[in-house]
Amino acid sequence: MRKKPAQLQADVALVAITFIWGSTFVVVKNALEDISTLLFLALRFSLAAVALACILGPRVRAAGRLAYSIRGGVIVGFFLWSGYVLQTIGLRYTSPSKAGFLTGLAIPMVPLLAALVYRKAPHWIELAGVGVAAVGMGLMTLRADVFEIGRGDLLIVCSAVAWAVHIVSLGHIAERGNVAAIALTQIAVSALLSLFACSWLEPARVSWTPAVWFALVVTSLFATALAFSVQTWAQKHTTPTRTALIFSLEGVFAWLTSFFLTGELLPPRAVFGAGLILSGILLVELKPFSGKKAPEN
């Protein structure tokens with residue numbers, strides 16, 4: 001069965017924002033040398049919320065199911081903020097490529113959470129694709145010291161749990177709510193939580209270097225305002241499992257950015273791992289061993 005045009009557009013859009021996210025690992029890590037973590041997040045989400053309010057404000061006021069969308073936006077906003085706080089703090093103590101892999105642990109969690117939410121077991125091809133992609137991510141980014149788990153690694157793993165919950169809950173809420181209201185609310189909630197946490201969890205510090213300005217512009221406008229608006233729309237037309245699989249490309253994009261900016265080399269096993277990630281995605285997209293289209297999660 002041919003893919004519906006809206007679903008194809010959603011998948012392509014998710015690949016695009018995954019590239020944006022993967023390319024910001026090195027950018028954010030460099031910026032955190034000159035700005036405290038929570039202040040960076042507070043500025044990032046605040047700037048993104050202002051930009052979205054200017055762009056989506058009229059659509060939010062005219063939105064249907066506004067109360068439902070705002071409540072849902074608060075829920076997904078909390079998990080979005082949790083994932084970013086844990087991930088950004090963790091980036092201080094681990095490498096960008098390793099952070100890309102550990103964040104990707106959200107991928108095998110999503111089908112299990114989706115099965116609980118939708119009360120429908122994932123199709124075996126989808127589980128196989130997730131498994132292949134997860135193995136590929138391990139080969140892609142892990143190094144000899146992978147089993148030396150530090151505090152940064154643990155924080156990134158906890159962020160992966162938050163991301164998994166965010167993907168599944170956003171998909172569930174976006175199906176019934178208004179995209180503009182959900183997108184704006186989740187970013188505004190993340191901004192408020194970041195501003196509140198910044199005032200008492202961590203001493204604020206900043207040195208206004210070009211790296212900080214560049215990171216704030218890129219992450220607030222592109223990796224936050226644009227990316228999460230697109231994700232909210234896309235998850236109305238695709239499944240949490242497919243979304244998670246596409247997000248597995250984040251590790252590939254994180255390495256590519258790290259290679260071009262810092263010269264981080266890709267060993268042969270990582271090339272094989274990248275191939276496994278693409279194979280896992282194609283396995284779910286094409287379903288070559290299924291006589292009929294697999295049921296959606």
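Arg-176 is partly exposed, with a relative accessible area of 36%. Its salt-bridge partner is Glu-175. This is a predicted model, and the count of salt bridges comes to two. The other topic here is the packing of helix 8 (residues 179-198) against helix 9 (residues 210-234).

**Salt bridge Glu-175 to Arg-176**
- The closest N and O atoms of Glu-175 and Arg-176 are 3.3 Å apart.
- Glu-175 is partly exposed, at 40% relative accessible area.

**Salt bridge Arg-242 to Asp-11**
- Arg-242 pairs with Asp-11, and their closest N and O atoms are 3.6 Å apart.
- Arg-242 has 2% relative accessibility, so it counts as buried.
- Asp-11 is buried as well. The relative accessible area of Asp-11 is 6%.

**Helix 8 against helix 9**
- The axes of helix 8 and helix 9 come within 9 Å and cross at roughly 135°.
- Helix 8 is therefore oblique to helix 9.
- The crossing of the two helices is right-handed.
- Helix 8 makes the contact through Val-179, Ile-182, Ala-183, Gln-186 and Ile-187.
- Helix 9 contributes Thr-224, Phe-228, Ser-229, Thr-232 and Trp-233.
- By class, this contact has six nonpolar and four polar residues. It has no charged residues.

Technical notes. Residues numbered from 1 in each chain as written. Predicted model: local features only at pLDDT ≥ 70, side-chain atom pairs only at ≥ 80, totals over all residues. Heavy atoms only, no water. Axes fitted to C-alpha atoms, helices over the stretch in contact; angles between N-to-C directions. Helix = DSSP H or I, 4+ residues; strand = E, 2+ residues; numbered from the N terminus. Parallel < 35°, antiparallel > 145°, perpendicular 65-115°, else oblique. Left-handed = near helix turned anticlockwise from the far one by under 90°. Contact = heavy atoms within 4.5 Å. Nonpolar A, V, L, I, M, F, W, Y, C, P; charged D, E, K, R; others polar. Salt bridge = Lys/Arg side-chain N within 4 Å of Asp/Glu carboxyl O. Buried < 20%, exposed > 50% of the residue type's maximum accessible area, 1.4 Å probe, protein only.
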